[in-house]
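Me: I have just opened this entry and would like a short walk through it. Could we take it topic by topic?

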Amino acid sequence: MAYVISDACIKCGTCADSCPMGAISEEDTQYQINPDDCISCGVCASNCPVEAISE
């Protein structure tokens with residue numbers, strides 16, 4: 001199951017910078033994870049400063 005980013009996202013970009021698959025992109029209000037590219041490694045969630053990412 002792919003990770004998802006909640007509304008708690010502060011658009012800092014840490015998740016996108018840390019994603020080894022490049023599955024995270026910046027949208028209007030927050031970052032989004034492409035479920036087709038996400039390999040559920042959890043790197044983004046472990047690097048998120050506001051814990052906005054979960055599985």
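**Cavities and cysteines**

Reply: By class, the second largest cavity is lined by 8 nonpolar, 2 polar and 1 charged residues. Please bear in mind that this is a predicted model.

Me: Which residues line the second largest cavity?

Reply: The lining consists of Ile 5, Cys 9, Ile 10, Lys 11, Cys 12, Gly 13, Thr 14, Cys 15, Cys 48, Val 50 and Ile 53. The space inside the second largest cavity is about 60 Å³.

Me: How many cavities of 30 Å³ or more are there?

Reply: The count is 2. The largest cavity holds about 90 Å³ of space.

Me: And which residues lie nearest the centre of the largest cavity?

Reply: Cys 19, Cys 38, Ile 39, Cys 41 and Cys 44 lie nearest its centre, within a lining of 13 residues. By class, that lining has 11 nonpolar and 2 polar residues, with no charged ones.

Me: Those names include several cysteines. How many disulfides does the structure hold?

Reply: The structure holds 0 disulfides. Cys 19, for example, is in no disulfide, and the nearest cysteine sulfur, that of Cys 41, is 6.1 Å away. Cys 44 is likewise in no disulfide, with the sulfur of Cys 38 as the nearest cysteine sulfur, at 6.1 Å.

Me: Is Cys 44 buried or exposed?

Reply: Cys 44 counts as buried because its relative accessibility is 8%, and the cut-off for buried is under 20%. Cys 19 also counts as buried, at 18% relative accessibility.

Me: Changing topic: where is Ser 18?

Reply: Ser 18 is in helix α1, which covers residues 14-18. Its side chain reaches the backbone oxygen of Cys 15 at 3.1 Å.

Me: What is Ser 18 in contact with, leaving aside its neighbours within four places in sequence?

Reply: Ser 18 is then in contact with Val 43, Cys 44 and Asn 47. Cys 44 is also one of the residues nearest the centre of the largest cavity.

Me: One last topic, the backbone. What is the phi of Ser 40?

Reply: The phi of Ser 40 is near 55°, a positive value in a residue other than glycine. Most residues other than glycine have a negative phi. Ser 40 lies in the loop between β3 (31-33) and α2 (43-47), and counts as partly exposed at 25% relative accessibility.

Me: What about Glu 51, buried or exposed?

Reply: Glu 51 counts as exposed, because its relative accessibility is 71%. Glu 51 has a positive phi of about 50° although it is not a glycine, and is found in the loop between α2 and β4 (53-54).

Conventions: Residues numbered from 1 in each chain as written. Predicted model: local features only at pLDDT ≥ 70, side-chain atom pairs only at ≥ 80, totals over all residues. Heavy atoms only, no water. 1 Å grid on protein atoms, 1.4 Å probe; cavity = no way out; pocket = protein on both sides within 12 Å on 5 of 7 lines; lining within 4 Å. Points joined across faces, edges and corners; volume = space filled by probe spheres on them. Nonpolar A, V, L, I, M, F, W, Y, C, P; charged D, E, K, R; others polar. Disulfide = S-S within 2.5 Å. Buried < 20%, exposed > 50% of the residue type's maximum accessible area, 1.4 Å probe, protein only. Helix = DSSP H or I, 4+ residues; strand = E, 2+ residues; numbered from the N terminus. Polar contact = N/O pair within 3.5 Å; in protein donor to acceptor, adjacent residues only side chain to side chain. Contact = heavy atoms within 4.5 Å.
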